[in-house]
Amino acid sequence: MMNCDDSRIYLPAYLDDELDVAESLRVQKHLAECGDCRRVQDQQVVLRAALRDPGLRAHPSAEFAKRLETALRKAAKEEARSQRPSWFESSWTFRWVPAAVALIVVAAIGALLVVNRLGSSHQQLIASAVLAGHIRSLQPGHLIDVPSSDRHTVKPWFQGKLDFSPPVPDLSALGWNLVGGRLDYADGRPVAVLVYQRRLHDINVFLWPNHGSADDAIREESAQGYQILHWNGAETTYWVVSDLNKVELLDLARALRGH
Ligand SMILES: [Zn+2]
């Protein structure tokens with residue numbers, strides 16, 4: 001069941017309505033039972049409402065607004081007739097909201113493409129979940145819960161948060177820098193994520209216990225610029241997601257398998 005630590009991690013996404021139904025229900029259930037977490041929720045709701053105060057919004061200087069206005073007039077003469085004092089705010093909204101929606105649609109289509117190319121439907125669901133988890137982790141502040149390059153810090157951090165102890169190998173000698181760990185959700189359960197970096201690429205390694213047989217080969221997929229590698233080890237199921245090139249990512253997968 002969800003504990004307070006998990007609930008605090010999921011709370012911002014819960015309030016933003018970013019969780020799937022199962023995750024959302026788990027948070028709701030915990031909030032119903034836990035007064036401490038409800039108080040944290042109340043505080044966050046109040047803070048969010050305060051941040052939406054229009055008084056906090058930055059308004060452009062008259063000179064800056066005028067320069068933009070002139071540029072816009074030149075670009076589209078018909079806009080000149082509908083200039084209003086609040087035009088800056090409304091045009092900002094109209095320009096960026098569709099862009100954000102388009103990004104979400106692209107991410108969703110990417111997840112569907114993976115669904116169509118992987119074998120079993122169970123694996124399709126997991127591939128969608130780990131790809132969505134990876135994309136979500138790229139948002140500011142979402143990548144790492146425990147920032148550390150030391151496996152002796154990262155491994156104990158998972159204790160009490162998961163019902164298994166994930167292997168956290170030190171692969172720095174092979175050029176794979178551990179930068180931290182995170183809790184995520186896939187295959188209907190909380191899972192561990194190890195975050196490695198190579199150059200500027202983040203690599204998410206999702207892992208959880210494997211109760212079935214081990215695989216001989218690593219399965220490969222790509223969607224939307226991301227590589228997805230998957231295999232079942234003797235004890236652990238691995239899903240590796242990154243925008244790093246496939247050749248290097250396979251090196252990491254072999255290092256994790258060999259460990
Ligand atoms: Zn709680």
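**Figure 1. Pairing of strand 3 with strand 4.** Strand 3 and strand 4 (residues 201-209) run antiparallel and are joined by seven bridges; two strands are taken to pair if DSSP finds at least two bridges between them. Helices (H or I, at least four residues) and strands (E, at least two) are DSSP runs, numbered from the N terminus. This is a predicted model, in which local features need pLDDT of at least 70 and side-chain atom pairs count only at pLDDT 80 or more, while totals for chains, interfaces and linings use all residues. Residues are numbered from 1 along each chain as its sequence is written, and side-chain values use heavy atoms, with hydrogens and water left out. Y196 has I203 of strand 4 as its bridge partner. The two strands form a hairpin with two residues between them, and R199 in the turn has a positive phi of about 50°.

**Figure 2. Pairing of strand 2 with strand 3.** Strand 2 (residues 177-186) is joined to strand 3 by nine bridges, and the two run antiparallel. Y185 stands opposite P190 of strand 3. This pair of strands also forms a hairpin with two residues between the strands, where D187 takes a positive phi near 55°.

Figure 3. Strand 3 spans residues 189-198, and because eight of its 10 residues are buried, it is largely enclosed by the rest of the structure. Buried means under 20% relative accessible area, exposed over 50%, and partly exposed in between (1.4 Å probe, protein chains only).

**Figure 4. Surroundings of N232.** N232 lies in strand 6 (residues 226-232). With a relative accessibility of 14%, N232 counts as buried. The side chains of N232 and T237 are joined by a polar contact of 2.7 Å. A polar contact is a pair of N or O atoms within 3.5 Å; within protein, one must be able to donate a hydrogen and the other to accept it, and residues adjacent in sequence count only if both atoms are side-chain atoms. Leaving aside residues up to four places away in sequence, N232 touches N210, S213, A214, D215, R219 and T237, where contact means heavy atoms within 4.5 Å.

**Figure 5. Two cysteines, C34 and C37****.** C34 is buried, with 11% relative accessible area, and C37 counts as buried at 0% relative accessibility. The structure holds zero disulfides, a disulfide being a pair of cysteine sulfur atoms within 2.5 Å. In the chain of 259 residues, 41% are buried.
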